Amino acid sequence: MAASDISPLDAHLGYWLRFVSNHVSHAFAAKVAGRGVTVAEWVVLRDLHDGDGVAPSLLADRLGMTRGAISKLADRLAAKGLLTQTADPDDRRCRTLALTPEGRALVPDLSALADRNDADFFGHLEPAERARIEDMLKSIVRRMGLRSIPID
């Protein structure tokens, strides 16, 4: 194959998606790190914020993560005082994960950082442009059957 037949990296839409995604993700990771959490921990905190408690297996299913990953995240968040892990009195193997008051109070601040990060990268777009991009990306997610929450 001749060198002229090899497409350049930037000829691929995936290149541009990854380019933007990496910058958006790294900027957000830096913002939440300033509050003492990782992006993965933020995802768990945000999911738990709207409920009263959940089994780790259900949380893993909802977030498209492994149970092992949820267990590690729960342990880290518990060590930070942001989450409780309560054993079921009838079955000590079953646990319920719930936010502590400190964890619940942190979520709105982290959400504001997410909003600010979105505004930093996409605030210049017209609402119709932003909606069109979002619709296209959601269409790809549906078509490809993607489930895992993007945390890396």
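This is a predicted model: local features need pLDDT of at least 70, side-chain atom pairs count only at pLDDT 80 or more; totals for chains, interfaces and linings use all residues.
Tutor: Axes are lines fitted to C-alpha atoms, for helices over the stretch in contact, and the angle between two of them runs from 0 to 180 degrees between N-to-C directions.

Student: At what angle do helix H2 and helix H5 pack, and how far apart are their axes?

Tutor: Helix H2 (residues 39-49) and helix H5 (residues 101-122) pack at an angle of about 120°, and 10 Å separates their axes. Both values are given because two packed helices are described by the angle between their axes and the distance between the axes. The crossing in which H2 passes H5 is left-handed.

Student: Which residues make the contact of H2 and H5?

Tutor: H2 contributes Trp42, Leu45, Arg46, Leu48 and His49. From H5 come Arg104, Leu106, Val107, Pro108, Leu110, Ser111 and Ala114.

Student: How do the residues of the contact of H2 with H5 divide into nonpolar, polar and charged?

Tutor: Eight are nonpolar, two are polar and two are charged. Arg counts as charged, and the contact includes Arg46 of H2 and Arg104 of H5.

Student: Why is H2 called largely enclosed by the rest of the structure?

Tutor: A residue is called buried when its relative accessible area is under 20%. Eight of the 11 residues of H2 are buried, and H2 is therefore described as largely enclosed. The buried residues are Val39, Ala40, Glu41, Trp42, Val43, Val44, Leu45 and Leu48. Their packing partners are H1, helix H3 (56-63), helix H4 (67-79), strand E1 (83-87), strand E2 (95-99) and H5.

Student: Why does asparagine 117 count as buried?

Tutor: Asparagine 117, which lies in helix H5, has a relative accessibility of 3%. The cut-off for buried is under 20%, so asparagine 117 counts as buried. Leaving out residues up to four places away in sequence, asparagine 117 touches Val24, Ala27, Phe28 and Lys31.

Student: What makes the approach of valine 24 and asparagine 117 a close one between polar atoms?

Tutor: A polar atom of the asparagine 117 side chain is 3.1 Å from the backbone oxygen of valine 24. The distance cut-off for a polar contact is within 3.5 Å, and the 3.1 Å of this pair meets that cut-off.

Student: How do you know that the side chains of aspartate 109 and arginine 35 meet in a salt bridge?

Tutor: The N to O distance is 3.5 Å. A salt bridge requires a side-chain nitrogen of Lys or Arg within 4 Å of a carboxyl oxygen of Asp or Glu, so this pair is a salt bridge. Aspartate 109 lies in helix H5 and arginine 35 in the loop between H1 and H2, so the pair ties together parts that are 74 residues apart in sequence.

Student: What makes aspartate 47 and arginine 62 a salt bridge, and which parts of the chain do they link?

Tutor: Their N to O distance is 2.4 Å, which falls within 4 Å. The pair links distant parts of the chain, with aspartate 47 in helix H2 and arginine 62 in helix H3, 15 residues apart. Aspartate 47 is partly exposed at 23% relative accessibility, and arginine 62 is partly exposed with a relative accessible area of 40%.

Student: Why are glutamate 134 and lysine 138 separated by about one helical turn?

Tutor: Both residues are in helix H6 (residues 127-144) and stand four residues apart, which means a separation of about one helical turn. Glutamate 134 forms a salt bridge with lysine 138, and their closest N and O atoms are 2.8 Å apart.

Student: How many salt bridges does a search of the whole structure find?

Tutor: The search finds eight.

Definitions and conventions. Residues are numbered from 1 along each chain as its sequence is written. Side-chain values use heavy atoms; hydrogens and water are left out. Helices (H or I, at least four residues) and strands (E, at least two) are DSSP runs, numbered from the N terminus. A crossing is left-handed if the near helix is turned anticlockwise from the far one by less than a right angle, and right-handed if clockwise. Contact means heavy atoms within 4.5 Å. Buried means under 20% relative accessible area, exposed over 50%, partly exposed in between (1.4 Å probe, protein chains only). A polar contact is a pair of N or O atoms within 3.5 Å; within protein, one must be able to donate a hydrogen and the other to accept it, and residues adjacent in sequence count only if both atoms are side-chain atoms.
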